[in-house]
Amino acid sequence: HPATCLSADDFTAYLSWLSAKTGHRYRFPTEAEWEFVARSGLDKVPVWAPDMANACRQINAGDASFSAVRGPTWPTFKCNDGFAGTAPVGRFPANRLGARDMFGNVAEFVADCFTPSHEGAPVDGSARIDAAGCAIRVVKGASWAAEPGSLRPAVRQGIPRNLRGDGHGLLSLGADEPGTGLPALFSYWREFGTRYITALCA
């Protein structure tokens with residue numbers, strides 16, 4: 001299962017430790033990088049309808065199993081993905097780049113500071129960082145409790161950098177090495193994300 005109950009500050013410290021331990025530089029993806037990978041293989045924006053039976057074969061989000069445990073608090077999928085909370089990492093199919101769980105399971109911190117809109121954001125794919133050091137960080141992808149309308153690549157939320165919770169975490173990692181490009185970057189997400197992160201929050 002993905003690591004939860006850790007804050008962006010906790011994950012920042014972990015990435016520093018992991019970089020020193022392995023000799024590779026690990027970091028949060030930028031919001032632009034996250035969206036690039038999340039949209040891979042999608043013919044259109046995946047607006048999941050509540051009655052789509054195939055949604056529960058693709059993602060872990062608010063569904064019949066969630067409603068049975070938590071109650072009918074908001075709209076959910078009518079199907080059952082088998083998990084009222086988080087699902088094991090890699091349980092659902094990968095996208096065209098081989099990345100899993102980009103939608104649902106846990107919302108993922110990215111490197112960018114949260115602002116209400118993209119106005120004034122970098123146009124080169126780099127992270128948007130403010131002088132105050134990102135008191136609120138962007139999270140993407142929604143979680144195991146998400147309603148269908150929030151499971152879209154463009155949806156973003158702001159989470160205080162020191163807030164711990166069971167719906168957000170760090171499922172994906174980036175590593176930079178000389179001469180590697182974006183596909184190699186996200187191959188490290190797959191290789192190292194499940195191996196190191198899942199043991200942090202038992």
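What percentage of the 202 residues in the protein is buried? Buried residues, meaning those under 20% relative accessible area with a 1.4 Å probe and protein chains only, make up 47%.

Colleagues, a word on the basis of these values. This is a predicted model, in which local features need pLDDT of at least 70 and side-chain atom pairs count only at pLDDT 80 or more, while totals for chains, interfaces and linings use all residues. Residues are numbered from 1 along each chain as its sequence is written, and side-chain values use heavy atoms, with hydrogens and water left out.

I turn to the fold. The protein has four helices and six strands, taken as DSSP runs (H or I, at least four residues, for helices; E, at least two, for strands) and numbered from the N terminus. Along the sequence, their order is α-β-α-α-β-β-β-β-β-α.

Next, the interior. A nonpolar core is a set of buried Ala, Val, Leu, Ile, Met, Phe, Trp, Tyr and Cys residues joined through side-chain atoms within 4.5 Å. The largest such core holds 17 residues, and Trp34, Ile59, Phe77, Met102, Phe103 and Leu151 have the most contacts inside it. Helix 2, residues 31-38, gives the most to this core, with three residues. Apart from it lies another core of 15 residues, including Ala3, Ala111, Val139 and Leu170.

Why does Tyr14 count as buried? Tyr14 does so because its relative accessibility is 9%. Between Tyr14 and Arg27, 13 residues apart in sequence, the C-alpha to C-alpha separation is 9.7 Å.

Conventions
Buried means under 20% relative accessible area, exposed over 50%, partly exposed in between (1.4 Å probe, protein chains only).
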